[in-house]
Amino acid sequence: QVQLVESGGGLVQPGGSLRLSCAASGFSLDNYVIGWFRQAPGKEREGVSCISKSYGTTVYAGTYLDSVKGRFTISKDSAKNTAYLQMNSLKLEDTAVYYCAASRSWRGRCPDKADYAYWGQGTQVTVSS
């Protein structure tokens with residue numbers, strides 16, 4: 001059974017940091033692309049970043065969203081079968097429910113949203129002063 005569980009969300013002031021975790025069970029993250037997505041109130045779900053399947057010790061990371069470039073970093077720990085999203089310099093507009101997702105599709109770039117077959121339950125990130 002494939003399962004993804006996000007954690008690490010919470011309330012943070014502008015300029016603060018959070019690290020989100022995505023724990024996988026029932027499959028290895030080495031064999032899937034992991035994406036982070038977010039959905040703010042009244043808005044569409046949008047991609048944030050992704051990390052590729054593992055090719056030996058090599059992985060590739062990409063970003064969907066220009067507004068998070070330089071602030072957010074995606075990574076994974078194969079031994080823990082967990083992916084992460086480190087979020088720094090948080091802004092009010094980063095407030096959203098954040099989801100991780102898994103895809104079998106890797107073509108040298110982050111997959112389309114529709115190519116992600118498995119999704120976590122989401123974790124709330126609220127940036128407020």
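**Burial, disulfides and cores**

Tutor: Asp 94 is buried, with a relative accessible area of 0%; buried means under 20% relative accessible area, exposed over 50%, and partly exposed in between (1.4 Å probe, protein chains only). This is a predicted model, in which local features need pLDDT of at least 70 and side-chain atom pairs count only at pLDDT 80 or more, while totals for chains, interfaces and linings use all residues. Residues are numbered from 1 along each chain as its sequence is written, and side-chain values use heavy atoms, with hydrogens and water left out.

Student: Where is the place of Asp 94?
Tutor: Strands (E, at least two residues) and helices (H or I, at least four) are DSSP runs, numbered from the N terminus. On that numbering, Asp 94 has its place in the loop between β8 and β9.

Student: Which residues does Asp 94 touch, not counting those up to four places away in sequence?
Tutor: Contact means heavy atoms within 4.5 Å. With residues up to four places away not counted, Asp 94 touches Arg 38, Arg 71, Phe 72, Ser 89, Val 125 and Val 127.

Student: Which residues of the largest nonpolar core touch the most other members?
Tutor: A nonpolar core is a set of buried Ala, Val, Leu, Ile, Met, Phe, Trp, Tyr and Cys residues joined through side-chain atoms within 4.5 Å. In soluble globular proteins, nonpolar side chains tend to be buried together. The largest core here has 28 residues, and those touching the most other members are Trp 36, Phe 72, Leu 85, Met 87 and Tyr 98.

Student: Which strands each supply at least two residues of this core?
Tutor: The contributors are listed by strand number. At least two residues of the core come from each of β3, β4 (33–39), β5, β7, β8, β9 and β11 (123–127).

Student: How many residues does the other core have?
Tutor: Another core lies apart from the largest one, and Val 33, Trp 106, Cys 110 and Tyr 116 are among its members. Its residues number seven.

Student: How many disulfides does the structure hold?
Tutor: A disulfide is a pair of cysteine sulfur atoms within 2.5 Å. One joins Cys 22 to Cys 100, and another is formed by Cys 50 and Cys 110. With bonded cysteines counted along the chain, the pattern is 1-3, 2-4. The number of disulfides is two.

Student: Why is the disulfide of Cys 22 and Cys 100 right-handed?
Tutor: The sulfur atoms of Cys 22 and Cys 100 are 2.0 Å apart. Cys 22 lies in strand β3 (residues 18–25) and Cys 100 in strand β9 (residues 96–103), 78 residues apart. The disulfide is right-handed because the torsion about its S-S bond is about 70°.

Student: Is the disulfide of Cys 50 and Cys 110 right-handed or left-handed?
Tutor: Cys 50 lies in strand β5 (residues 46–51) and Cys 110 in the loop between β9 and β10 (116–119), so the pair ties together parts 60 residues apart in sequence. The torsion about the S-S bond is about -95°, so the disulfide is left-handed.

Student: With which side chain does that of Ser 78 make a polar contact?
Tutor: Ser 78 is found in the loop between β7 (72–77) and β8 (82–87), and is partly exposed, with a relative accessible area of 40%. A polar contact is a pair of N or O atoms within 3.5 Å; within protein, one must be able to donate a hydrogen and the other to accept it, and residues adjacent in sequence count only if both atoms are side-chain atoms. At 2.6 Å, the partner of the Ser 78 side chain is that of Asp 30.
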